[in-house]
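Reader: I have a model on my screen and would like to go through its fold with you. Could we begin with how the helices meet?

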Amino acid sequence: MQWSKLKTNFEGFLSDKLKGSIEIHATVYRKFHDSPSRIWITLDKQEILSASDVTFAVKHEKLYQQIIKEEELNEIPYNTDLKAMLNSQERKELIKASDIAEKVMINQNIFGSYHLYDALMNYSSLSIVEALNSDNMIIRAFSMLDRRLGKRRLGKLTFSKDTHPLVVKFYNIRCEVESTKNFD
């Protein structure tokens, strides 16, 4: 889907009090290898969420290498049979280490642009109930800004201590503009 369509869809779901205040931006660094991109969301020109492929890749690699070192993981042993290399236990452990690094970064609000692209592409096809209960914390965060989430339901929302900080941040932004309670 084209960026302009994704942007229009996202901004179309914003509550009336946030329209014009919340903006979504994207850029692609075409001179870089593989053309990494960056997406960011602003509230009154102040950045509230950023997803950069370059930042994500650099921090992911550092954390991944740290996990490999701490867990004392081995490299994939060379074998003329490619299938044996792909199915090796060492490779499975390295993939697991990469997944752990990604989860840690997501919990620290460090995202790659594809995390936001994926959420934006899926969001428009979800009902507000599906968005509020989504496993994807970016979609849940977007739902806090959604016009379909009324003031009454917004006021009744409760969060556990392990709710992702991005969801709480977007919830507090919405509560502030709607003049309802905030989550501390």
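Reader: Which residues in H5 meet Ile138, Ile139, Phe142 and Ser143 in H7?

Author: In H5 they are His115, Leu116, Ala119, Leu120, Asn122 and Tyr123. Contact means heavy atoms within 4.5 Å. Helices (H or I, at least four residues) and strands (E, at least two) are DSSP runs, numbered from the N terminus. This is a predicted model, in which local features need pLDDT of at least 70, side-chain atom pairs count only at pLDDT 80 or more, and totals for chains, interfaces and linings use all residues. Residues are numbered from 1 along each chain as its sequence is written, and side-chain values use heavy atoms, with hydrogens and water left out.

Reader: At what angle do H5 and H7 pack?

Author: The angle is about 55°, and the axes are 9 Å apart. Axes are lines fitted to C-alpha atoms, for helices over the stretch in contact, and angles run from 0 to 180 degrees between N-to-C directions. H5 and H7 are therefore oblique to each other (under 35 degrees counts as roughly parallel, over 145 as roughly antiparallel, 65 to 115 as roughly perpendicular and the rest as oblique).

Reader: Turning to H4, which of its residues are buried?

Author: The buried residues of H4 are Leu94, Ala97, Ala101, Met105 and Ile106, where buried means under 20% relative accessible area, exposed over 50% and partly exposed in between (1.4 Å probe, protein chains only). They pack against helix H2 (53–71), helix H5 (113–123) and helix H7 (137–144).

Reader: And what comes after H4?

Author: Asn109 follows H4, and its phi is positive, near 60°.

Reader: Now the sheet. In what order do the strands lie?

Author: The order is S1-S2-S3, in an open sheet of three strands with antiparallel pairing. Two strands pair if DSSP finds at least two bridges between them. Strand S1 (22–28) and S3 are at the edges with a single partner strand each, so one side of each has no neighbour in the sheet.

Reader: How many bridges join S1 to S2?

Author: Seven bridges join them, and His25 stands opposite Trp40 in S2. Strand S2 (residues 37–43) and strand S3 (residues 46–52) pair over six bridges, with Ile39 opposite Ala51.

Reader: Which strands does helix H1 lie across?

Author: Helix H1 (residues 3–13) lies across S1 and S2, running at about 165° to S1. H2 also packs on the sheet, where H2 touches S2 and S3.
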